[in-house]
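Hi there,

Here is the structure I promised to pass on. Please have a look at it first, and then read my notes below.

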Amino acid sequence: MTGDDMYRYLIKRILLIVPTLFGAATLVFFLMRLIPGDICVIRLGSGGTSFTEQALSECHAALGLDRPLWLQFIHFIWGFCRLDLGTSMWSGRPVAYEIATRFPVSLEIAVFATVIAVIIAIPLGTISALKQNSWTDLAVRTFAIAGIATPSFWIGIVSLLAVLNLTQYFFGQPWMPPINYVSVWQHPLRSMSIVILPAVTVGYRYSAVVMRMTRSAMLEVLREDYIRTARAKGLVNRIIVNRHGLKNAMLPVVTVIGIEFAFLIGGLVVTETVFNLNGIGRLLVQAIGNQDYTLTQGIVMLIVTIFVLTNLVVDVLYAWLDPRIRFA
Amino acid sequence: MDLQDPPGRQFHNGDPLTAADVAASLNEIAFPPKGVLSPRSDNFMMVKDITAPDPGTVVIHLKFATTAFLPALADPFNWIYEKKILDTDPHWYEQHIMGSGPFKFAGYQIGQSIKGVRNPDYYHKGLPYLDGFVGIFAPKQAVQLDAIRADRAATEFRGYPPSAIDQLKEQLDGQIKVQTSDWNCTLGAWINHKKKPFDDVRVRRALTLAIDRWGSAPGLSKIAVMHTVGSIVFPGSPLAPSKAQLETLAGFWPGINKSRAEARRLLKEAGAEGLSFELLNRNVDQPYKYLGTWLVDQWSKIGLHVTQRVVPTGPWFAALRSGDFTVGTGGSCHGIVNPPIDVQTWLPRSVSSANFGYYDDPKEIDLYDKMLHETDPTKQRADMWNFVKWVLDDQAHFIETMWWYRIVPLRSYVNGWKIGPSHYLNQDLSTIWLSPPHCGKCTAEPAPAL
């Protein structure tokens, strides 16, 4: 691969991001407005209090909801182009600030869950492929299918109850991790103790997906001609598996890891609820429930951007790993 | 209103709290300036003007005498801010916190926690006992209960159903105590009069006659916060109807079989036998989902075919407000027990925007006004009964079910807190103290505050 080839490939992929983001922005803007409800009605009346039509109009005017839809859309797109996501209609704070306070929680869980998933999935997936149809393979596949089939919120609730009951049984007092998040930069150990259970809960399902992908990719690669050639040359099995098998089987596995990682940033609503973590997923659900258009748009655009960038990184890795892709 | 005793009241920023601040804040609530929203301005409908003739006195003139005024004044949402701030920026309080109470605002982590530290200049000398507090946001009941069990939280002030409390007691034998109270919140169902055949009073009466309140309350109150059978007046209030009076209202009769036979007769007479409709409900566990499921079951007993549409708070409110529903769950929840003001919710739509029955009823307004202006307690009680009977029985405008019940668990080392009939009340935490060893270097109960 020459430097020019890689450069052209990168430029092409980066340019494709623009229409993707614009399409996502258009979709989220108009879909949000199709949902029945009105943030002003919720703000003014959610405590069961009555309010006048004048109060409602003033609220609409204050939030800019009395302007024509096309004008609101242009305002949103123009703001997004300037990286200004606006102000939350519910809290009155900048959307960027609202997201920034929740993002570290989701990112920490996503990173930990990914590490756990990779540590479990790749060795087990490889062993499962190498010992195809054996008892070991059966056990690993059962473990993986259970991980995919079991809802992570159930695993979360059960693991939390298990910790409470076991600590009460052995130490006389029930214990659970703190439910008030602190950043890993402030109190590393406390922060770890908060996110470890949710990370394991999510990491188990995540590892099951990656494990199955690793196994099927390895099975395919192990049947390739170059593997047979390597064996015929008398190479030791460890080198065949690690250097020739695993490296080539990693292409689809990297894709799955990338997609799952991006999903974790905004997709952990239930896990965040079970463990009382104030992450992006819960914020998104709150924003939708409150009909907070600006905040919902901001979070969705953040998730879309993470997906797009993760895909870009995966594509670049693909091109780096497999020269056939960048020349296609 | 004399503010001179005790002297030395001051805001957390050190500025003195004067009558001018109180008058300015109350004026903003009662008579909001243009551009300022005051959902509680209706509470002060009887107020003519509010002035502060000197730094220690606030004078409030009323348009008419009513027992509703003093409870309205005691509402915990009547926050007091500095006049000089309100004068320069009437929206200041929307983004800032200012108080004169026992704890100073120390921090807020969005969606996580709020912190307060002891105010050494609090005007009740010796209070508060605590050095500070942390309030944790945890929306799910299971998480809250786990946190209390593991002592990550010492209490939760809203309340739980008996089943959850029983479990907590079993898990924390001797380490938990419980306080209970009637709750100034009620929930029932709005009937949209604009939808046929619900414009027919016979159909509305049939819906309320089908509900077995007395028979269901014991079972329902074990799993939900719904508890006390009552009218639209808080059951503990002197203005509430007696049980004998309640039993004369449609749907509150002692024999449910007789009640349901009457419901079937009315439906047949109105040509609405086997009626099908949708119940709009809110996606909130306690007690909305319990109420919805129970109502559907009760209506099936008179041959009605009811389905539930459970939606998040936003769409639920929007549907109620736009009238895009047939029957929908709803009710009211208040801080101070003030029935003459609390029942405003059920005034016709032209008066109360919180009424989702979508009807006009001049006679109901007349009955309400008579009750509101009556100052003799006996006569006012009789007037309130006439109003309640008209709304729940004669016109069956609303399907009242049960009032809620608070059961609040506290870790056994938490002392000095007293439950009230609202989760909005008694939240200043000034009188709370902790038993050793949770209180640091303390050895016994603190000295009483001055």
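Predicted model: local features only at pLDDT ≥ 70, side-chain atom pairs only at ≥ 80, totals over all residues.

Let me start with chain B. Its secondary structure comprises 14 helices and 13 strands. Along the principal axes, the C-alpha atoms of chain B fill a box of roughly 70 × 55 × 40 Å. A compact globule of 450 residues would have a radius of gyration near 22 Å, and the 24 Å found for chain B agrees with that. Buried residues make up 52% of the 450 in chain B. If you take the contacts in chain B between residues at least 6 apart in sequence, 69% of them join residues at least 24 apart. As for the surface, chain B exposes about 19200 Å², with carbon and sulfur atoms supplying 54% of that area.

Now to helix H4 of chain A, which runs over residues 69-81. Which residues of H4(A) are buried? They are A:Gln72, A:Phe73, A:Phe76, A:Ile77, A:Gly79 and A:Phe80. Seen down the axis of H4(A), these buried residues fall within an arc of 160°, so they line one face of the helix. A:Trp70, A:Trp78 and A:Cys81, on the other side of H4(A), are exposed. After H4(A) comes A:Leu83, which has a positive phi, near 60°.

Best wishes

How values were computed. Residues numbered from 1 in each chain as written. Chains lettered and ligands numbered in written order. Heavy atoms only, no water. Helix = DSSP H or I, 4+ residues; strand = E, 2+ residues; numbered from the N terminus. Expected span 1.5 Å × (residues − 1). Buried < 20%, exposed > 50% of the residue type's maximum accessible area, 1.4 Å probe, protein only. Arc of directions from axis to C-beta. Rg over C-alpha atoms; globule rule 2.2 N^0.38 Å. Contact = heavy atoms within 4.5 Å. Areas by Shrake-Rupley, 256 points an atom, 1.4 Å probe, with all protein chains shown as cover.
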